[in-house]
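Visitor: I would like to learn how to read a structure like this one. Can we go through it feature by feature?

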Amino acid sequence: MLKQTGIPTKEDIEKILPSKQRREKGAYVVIECFEEIPCDPCTAACQYGAILQMENVNDLPEADYEKCNGCGICIGLCPGVAIFVVDETYSEEKALIKLPYEFTPLPNKGDVVPGLDRAGEEVCKAEVIRVQKHPSKTNIIWITVQKELAHEVRFIRIPEI
Amino acid sequence: MIHQVPMLVIGGGPAGMVAALQALEAGVDVVLIDDGIEIGGQLIKQTHKFFGSEMEYAGTRGFQIGNLLTDKLFSFDNFKYFGRTTATGFYEDGVVTALKDNKEYLKFKPEVILIATGASEKPLAIPNCDLPGVYGAGAVQTLMNLYGVMPGKKALMIGAGNIGLIIAYQLLQAGTEVSAVVEAMPCIGGYLVHASKIRRAGIPIMTSHTITEIEGDACVERAQIVRVDENWQPVPGTEKWIDTDLICVAVGLTPLIDLLWMAGCEMKYVAKLGGEVPVRNKQMQATIPNIFVAGDAAGIEEASSAILEGAIAGLGMANFLGAEIADYDEKHNKYWNELNSFRSGPIGQRISEGLKFVLS
Ligand SMILES: Cc1cc2nc3c(=O)[nH]c(=O)nc-3n(C[C@H](O)[C@H](O)[C@H](O)COP(=O)(O)OP(=O)(O)OC[C@H]3O[C@@H](n4cnc5c(N)ncnc54)[C@H](O)[C@@H]3O)c2cc1C
Ligand code: SF4
Ligand code: SF4
């Protein structure tokens with residue numbers, strides 16, 4: 001499916017998520033990179049060693065969720081724009097998603113914007129709670145969504161003014 | 001006047017620049033000619049971060065890699081650069097002619113030559129493909145990222161290889177709507193991370209689809225797309241017209257090898273490398289001993305591999321000229337190990353298979 005449409009399937013995603021216990025502990029990285037390509041900047045991006053070194057530059061990236069604190073530094077350094085951070089403990093109802101965003105204008109803190117799924121379909125309204133400018137110019141947007149959408153929403157649309 | 005030069009590099013993309021650097025470091029005087037407005041080849045218009053390994057500047061945006069290499073080159077006193085200069089001919093007496101600024105003819109007589117001319121885009125032959133508004137994807141990228149010109153309002157991308165996917169994303173960044181990426185193959189050819197990032201931004205990727213016709217009075221107004229079956233035949237009843245004013249063609253690249261033909265180097269057709277490519281040895285030396293090749297001109301691949309091939313060729317050329325390189329073998333082997341590791345995955349397999357026909 002992914003190879004035909006560009007949309008990772010539920011099974012693809014389930015394979016890369018940490019254990020339930022880890023998910024209940026706080027923020028963690030989600031690396032949506034499912035194909036062996038010659039690429040490795042993510043392995044050097046994490047100062048905590050939470051993205052494992054690769055033996056070969058074509059290996060799939062792999063996270064050590066025990067070492068990951070969800071800081072999100074790696075998000076801005078992946079050329080595939082494929083890394084996200086999810087925190088399912090953000091509040092009673094809401095999950096926090098940190099996503100890479102390489103468009104202008106940037107949203108503002110407090111904006112409520114359409115939250116899009118991996119197919120680009122609007123699935124909810126998401127609240128922007130922080131806009132983190134990254135020196136790599138891949139900026140990081142923090143949004144909150146209903147918990148059950150923590151692994152659905154992966155992009156936002158900034159409505160035209 | 002004939003410029004007598006030890007080493008002439010034709011093409012200032014990553015391959016040519018890195019080859020020049022290797023030779024300069026070994027103390028060789030280098031002249032580089034490039035027909036672009038700026039040195040850097042494909043790199044200067046690449047606003048996305050590059051893939052590959054940390055060692056070949058992965059994670060850095062293409063144009064920034066170009067800037068890094070350019071700064072290094074111009075820090076050498078024995079480096080000479082001719083911009084807006086197109087190599088036009090290769091003569092039996094070893095003279096290379098070049099046209100500078102479209103008016104002045106230059107002649108070079110180099111002892112050793114690198115052909116690092118890169119690639120050209122394959123065209124698309126369908127009715128009305130000569131209407132204004134049909135562009136090669138590379139041209140669209142040059143207009144947007146180099147000249148700041150918006151090439152259209154509503155684009156249709158043909159080809160879901162890396163170039164098609166990346167430029168679709170960059171069109172979106174520039175504020176152009178992209179209706180779809182159309183791909184005749186049943187699978188996406190480019191990296192899936194590129195596909196996913198445009199898909200979640202709302203651009204559908206239509207695999208097993210092709211474009212059959214373009215319509216418009218003075219320029220492109222709409223295009224017809226159709227689903228194709230496993231034998232590439234259009235499926236009747238699936239035709240669909242899409243309004244568009246910009247058709248971007250990204251159906252592949254082919255090595256730019258005219259100069260190699262002119263010089264009389266042995267060439268072979270290898271589909272996996274993009275077309276006619278030169279036979280070469282492990283120094284990246286063609287069948288004419290003072291001609292070396294590197295980068296996309298030697299086979300369509302990536303900047304990371306163009307950089308490594310450039311390094312191998314530059315080293316080989318300095319060696320050919322008799323420069324003292326204490327750790328020649330060590331460096332040569334190191335670059336080959338990196339190149340082999342780069343090519344060892346499923347993506348590089350195609351390249352490795354293709355190279356079997358031309359690498360001795
Ligand atoms: C949209 C796009 C995205 C890409 N993304 C990536 C990526 O993420 N990672 C990656 O590793 N690679 C990427 N690439 C591929 C990469 O850009 C090329 O593989 C690489 O630039 C090849 O380097 P080169 O030096 O062989 O050729 P080029 O960069 O094409 O340089 C060749 C130069 O030679 C000049 N020239 C040609 N003929 C003559 C002549 N007769 N006289 C004088 N000068 C001449 C040309 O004008 C050009 O400046 C991408 C390419 C494109 C188009
Ligand atoms: S989120 Fe932070 S800790 Fe986790 S992998 Fe990324 S950089 Fe490392
Ligand atoms: S840097 Fe990004 S695209 Fe490259 S291997 Fe890591 S996760 Fe995948």
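Guide: One caution before we start. This is a predicted model.

Visitor: How many bridges join strand 2 to strand 3 of chain A?

Guide: Three bridges link strand 2 (residues 83-87) of chain A with strand 3 (residues 94-101) of chain A. The two run antiparallel.

Visitor: Now the ligands. Which residues come nearest to ligand 2?

Guide: Start with the shell, then the site. Of the 13 residues around ligand 2, the nearest are Cys46(A), Cys68(A), Cys71(A), Gly72(A) and Cys74(A). The shell of ligand 2 has ten nonpolar residues, three polar and no charged. Ligand 2 sits in the second largest cavity.

Visitor: Where does ligand 3 lie?

Guide: Check which chains supply the shell. Ligand 3 lies between chains A and B. Around ligand 3 are Ile31(A), Cys33(A), Cys39(A), Pro41(A), Cys42(A), Pro61(A), Cys78(A), Pro79(A), Gly80(A) and Phe51(B). Nine of the shell residues of ligand 3 are nonpolar, one is polar and none is charged. Ligand 3 sits in the largest cavity.

Visitor: Is Ser304(B) buried or exposed?

Guide: Compare relative accessibility with the cut-off. Buried means under 20%. Ser304(B) is at 3%, so Ser304(B) counts as buried. Ser304(B) belongs to helix 7 (residues 303-320) of chain B. Beyond its neighbours within four places in sequence, Ser304(B) is in contact with Phe51(B), Gly52(B), Glu56(B) and Phe342(B). Phe51(B) is also one of the residues that surround ligand 3.

Visitor: What is the place of Thr244(B)?

Guide: A loop. Thr244(B) lies between strand 14 (240-243) and strand 15 (246-249) of chain B. At 4% relative accessibility, Thr244(B) counts as buried.

Visitor: With which residues is Thr244(B) in contact?

Guide: Again, set aside the neighbours within four places in sequence. Thr244(B) is then in contact with Lys154(B), Ala155(B), Leu156(B), Val220(B), Glu221(B), Arg222(B) and Ala223(B).

Terms used. Residues are numbered from 1 along each chain as its sequence is written. Chains are lettered from A and ligands numbered from 1 in the order in which they are written. This is a predicted model: local features need pLDDT of at least 70, side-chain atom pairs count only at pLDDT 80 or more; totals for chains, interfaces and linings use all residues. Side-chain values use heavy atoms; hydrogens and water are left out. Two strands pair if DSSP finds at least two bridges between them. Helices (H or I, at least four residues) and strands (E, at least two) are DSSP runs, numbered from the N terminus. Buried means under 20% relative accessible area, exposed over 50%, partly exposed in between (1.4 Å probe, protein chains only). Contact means heavy atoms within 4.5 Å. A residue is near a molecule or strand if one of its heavy atoms lies within 4 Å of it. On a 1 Å grid over the protein atoms alone, a cavity is a set of points where a 1.4 Å probe fits but cannot get out, and a pocket is an open set with protein on both sides within 12 Å along at least five of seven lines; lining residues have an atom within 4 Å of a point. A molecule sits in a cavity or pocket if more than half of its atoms lie within 2 Å of its grid points. Ala, Val, Leu, Ile, Met, Phe, Trp, Tyr, Cys and Pro count as nonpolar, Asp, Glu, Lys and Arg as charged, and the others, Gly among them, as polar.
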